[in-house]
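Let's walk through this model together, from the overall fold to a few side-chain contacts. Have the sequence and the 3D view ready.

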Amino acid sequence: MGLEKIVLTYDAQKLQAIKIFMPKDGQSIEEQLTEQLEKLYQKLVPPPARTYIEEITKSQNKTQSRSTKKTAE
């Protein structure tokens with residue numbers, strides 16, 4: 001499956017405070033938000049649905065891989 005972009009609106013002063021106090025050598029805001037979304041996904045999406053989504057993703061990746069190999073030949 002592809003990636004989808006999420007656009008958020010958040011208080012500018014709070015965001016600035018996060019940027020100021022965020023460790024410079026740590027994860028970016030985007031990386032931390034992605035991590036939190038993954039946790040939310042694990043919490044809310046039932047295991048059978050997650051398994052189904054994983055299988056679809058694997059199948060699509062295999063199909064794309066085969067297409068790429070055929071194009072390269």
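Is K58 buried, partly exposed or exposed? With a relative accessible area of 47%, K58 is partly exposed; buried means under 20%, exposed over 50%, and partly exposed in between, using a 1.4 Å probe and protein chains only. This is a predicted model, where local features need pLDDT of at least 70, side-chain atom pairs count only at pLDDT 80 or more, and totals for chains, interfaces and linings use all residues. Residues are numbered from 1 along each chain as its sequence is written, and side-chain values use heavy atoms, leaving out hydrogens and water.

Stepping back, the protein chain has three helices and zero strands (DSSP runs, H or I of at least four residues for helices and E of at least two for strands, numbered from the N terminus). Buried residues account for 3% of the 73 residues.

Now return to K58, which forms a salt bridge with E55 at 3.9 Å, N to O. The term means a side-chain nitrogen of Lys or Arg within 4 Å of a carboxyl oxygen of Asp or Glu. The two are about one helical turn apart, because they sit three residues apart in helix α3 (residues 47-72). E55 is partly exposed too, at 44% relative accessibility.

The structure holds two salt bridges. In the E35 and K39 pair, the closest N and O atoms are 4.0 Å apart. Both residues lie in helix α2 (residues 29-44), four residues apart. E35 is partly exposed at 34%, and K39 is partly exposed at 49%.
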